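We will take them one at a time.

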Amino acid sequence: MHTNTYSEQGLAIRNRKLSLFEEGREAGALPSLLGFTTKVKFQERSLLETISGLIRARKHESVTIFLHDHELKYLALGLTYRFGFKDNLHFRVNADFQIDVSKLDLFAREVGLRFNSITNRDIDITRYKEINAQEFLIFVFHPESDFEQRAALQCFKKGNVGAIFVRDFALQGVKWPFLAYRDLGFELSETSDGFGHCFSLSSRLGGYK
Amino acid sequence: MKNIEQIILANLLKGRVIEAEGVLSENLAQLTNPLAKNIEGIIARFKGDESYAEHLFRESILVDRTFTPAKLNLANSLISQGRYGDALPFAKAGFEESSPKTLQCVLPYLTALLDTAKADEALNIIGSLPDSLKRDRQIQLATASCLRSLGDYSKAISILEALMQQDPSDIIATRIYADVRGEADVRFNPIPFYDRCLELAKKRKKAAIAPIKWNMSLHLLRRREFVRGWEYYDAGLDASVGSLGRSLPAPVRRYSQLDLHSLDRNRWSLIVVEQGIGDQVLFLSALNDIQADLNKIVLICERRMFPILSRSFPSIQLALPGLLEGLEITSFPFNGIAPIGSLQKNYRASIADYTRSKRPFLKVDRKSYNDFRAQLLDEAKGKTIVGISWKGGFWENQQRNKAIELKNWESLFNRNDVYLVNLQYGDLTKDMKWLEERNFHLRTFPEVDFKKDLDTWLSISAACDGIISVSTALVHFAGAVNQKVAVVMPDVQGPWILGIDDTRSIVYPNVHYFRKGARETNDELIQRVIRIIR
């Protein structure tokens with residue numbers, strides 16, 4: 001079995017099987033989408049796999065992913081390639097979240113075009129009341145997105161199920177709306193991979209949060 | 001306990017799997033855990049579920065590491081899956097722990113050794129067996145295979161002829177006989193023997209047809225019988241052929257195959273390169289034709305090939321093998337998948353097809369080429385710049401048949417009108433020492449790893465005035481950029497693409513073959529080749 005040593009700024013892992021980085025494994029599809037010079041970091045790969053796991057678990061249910069960060073192009077393309085060519089995956093992004101398909105390679109361009117076609121830029125997350133309560137919601141935020149995290153929590157309060165992810169949460173001393181989480185009975189916890197996560201996997205009818 | 005096991009096995013041999021399962025479940029309490037898991041594994045094998053059987057045998061070994069039957073069964077299961085390398089340690093342990101030595105314990109070991117190019121070890125094992133076992137037909141066949149791998153064709157042939165005389169309907173003996181004779185003697189036509197094997201195999205239910213067709217395909221292609229050759233070439237994908245066949249990533253077999261007749265030209269089609277880098281380049285010679293039909297191609301290849309391929313085929317999307325791993329998960333609408341070797345039948349069905357498309361198809365990095373060319377011209381000071389490569393091949397017999405030791409190249413090193421450039425990859429420590437002792441000069445590029453940096457290797461190859469090389473990947477790369485290449489063949493036979501008596505390549509415009517004459521030595525062969533240098 002392949003054993004690897006991986007290092008990036010602030011992280012070094014030795015003598016572990018790191019299949020996420022093997023070009024012969026599933027993650028080997030990423031370079032075709034992002035370009036072969038783009039380095040996808042450990043946390044980013046982890047986040048992609050975690051979100052992929054959640055989407056797979058929903059099987060045929062409708063899933064909407066909120067991407068509020070320009071750094072998340074890899075998620076947009078990676079998730080669209082994996083799940084976006086069925087009708088039950090949708091994206092909502094900030095108005096200024098753009099993927100310039102003209103800069104993408106041949107095959108990635110089609111994935112980029114598909115991403116654009118299943119992406120809604122009209123409804124901002126802060127207008128959470130307009131979001132269908134049946135939808136499974138996945139939010140991915142940058143670390144300074146205080147206001148958006150509060151809005152996401154309101155969606156869970158309203159009855160949606162889903163998850164919040166905050167990139168670089170464990171890597172830097174970010175200010176986050178912990179009171180908002182606490183007041184609504186949630187917790188944003190950090191993962192060893194570097195992102196923060198909060199799951200709401202039951203409806204407002206009760207159950208585990 | 002032995003009785004229960006025997007009853008279960010007797011049921012299985014009669015095809016009564018359900019009854020065997022019944023006996024096992026009724027007597028489970030009486031059986032020890034490793035024995036129960038082992039029997040369950042045997043039942044799983046009878047049901048055709050090799051992966052579950054593998055799991056059960058492994059569990060059995062985990063519970064009791066001294067339980068030899070499970071090791072032998074695991075080895076057999078892995079061999080059935082075509083995983084000979086994985087099977088080897090279990091087959092070895094099973095053999096070493098068994099006493100007395102029986103066919104059941106020696107055969108998996110010999111099979112695994114032979115498939116992993118360890119024929120000399122296999123021959124030693126056979127030598128250590130009691131005479132009664134050595135006389136067994138299957139051991140005799142294994143002996144012939146070992147001798148063939150080690151190049152002792154005449155001994156192998158006499159063993160096989162004796163076996164065929166005893167039983168003229170022995171498919172395996174006839175097949176190996178065709179393999180050995182075809183390999184040893186270029187004038188011998190093995191096709192009628194393979195045809196006989198196929199005829200015999202039709203009459204038997206469980207005869208393995210794929211190994212016959214696969215070996216036959218290479219001879220058919222060598223004889224330029226392309227239509228049947230390519231048809232049988234696909235047998236090389238069958239697990240029963242093992243690692244001697246066409247090694248491809250597992251998902252290629254699981255995902256839907258590309259159907260050229262019903263594909264959607266607006267969708268992407270996945271093409272997978274296969275085998276060694278030389279074969280990859282050879283098959284890429286048809287890529288432009290393939291693209292004309294398929295339109296949108298994702299070419300799955302090794303990363304080290306990217307710079308060359310992205311430059312040479314700019315409208316083809318390159319991807320790493322990892323893309324295949326997610327095929328069953330992705331919702332991206334692909335047309336399907338095809339190994340590039342399997343598409344050749346549609347584009348290379350005759351010599352005329354090759355002749356029509358005989359042109360360079362790879363491009364060198366222009367800047368890198370210019371730099372190396374200027375550098376070599378400056379160093380050569382008017383001498384002819386000749387790149388050389390003297391060894392290659394992956395399999396033991398390939399390495400033996402292809403290589404010409406450096407000492408045979410002495411006449412070339414003695415020429416003072418030639419500036420020699422090393423294009424040989426791999427460990428050259430011994431060769432460099434030999435050159436140093438004789439004060440021969442060979443321009444090397446130790447800073448470039450030719451196995452990894454294929455692009456620079458190609459630039460240096462193209463920057464020479466010409467190349468003299470044994471049949472190795474270099475010939476394909478250099479030939480594909482229109483470099484002049486003289487291929488020296490120390491053995492009568494080469495890879496199928498070199499044909500039987502071809503003197504020039506059917507694929508590359510400037511590649512010529514120099515076959516060793518019947519009474520010619522390797523020294524003389526090299527001397528004959530270097531006369532072409534002007």
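The stops below go from a pair of helices to a pair of domains.

This is a predicted model, in which local features need pLDDT of at least 70, side-chain atom pairs count only at pLDDT 80 or more, and totals for chains, interfaces and linings use all residues. Residues are numbered from 1 along each chain as its sequence is written, while chains are lettered from A and ligands numbered from 1 in the order in which they are written.

**Stop 1: two helices**

Select residues 84-97 of chain B, helix α6, and then residues 103-115 of chain B, helix α7. Helices here are DSSP runs (H or I, at least four residues), numbered from the N terminus. The axes of α6(B) and α7(B) are 8 Å apart, at an angle of about 145 degrees. Axes are lines fitted to C-alpha atoms over the stretch in contact, and angles run from 0 to 180 degrees between N-to-C directions.

Now show side chains. On α6(B), the residues that meet α7(B) include B:Tyr84, B:Leu88 and B:Phe95; among their partners on α7(B) are B:Val106, B:Pro108 and B:Tyr109. Contact means C-beta atoms, placed from the backbone, within 7 Å.

**Stop 2: the domains**

Colour chain B by domain: domain 1 is 2-244, domain 2 is 251-356 and domain 3 is 366-530, with bounds from an automatic or database domain assignment. The C-alpha centres of domains 2 and 3 of chain B lie 29 Å apart. Their contact takes 12 residues from domain 2 of chain B and 13 residues from domain 3 of chain B.

**Stop 3: the side of domain 2 that touches domain 3**

Which element of chain B gives the most to this side? Select α17(B), residues 277-284: α17(B) gives four residues.

Note on methods
Contact = placed C-beta atoms within 7 Å.
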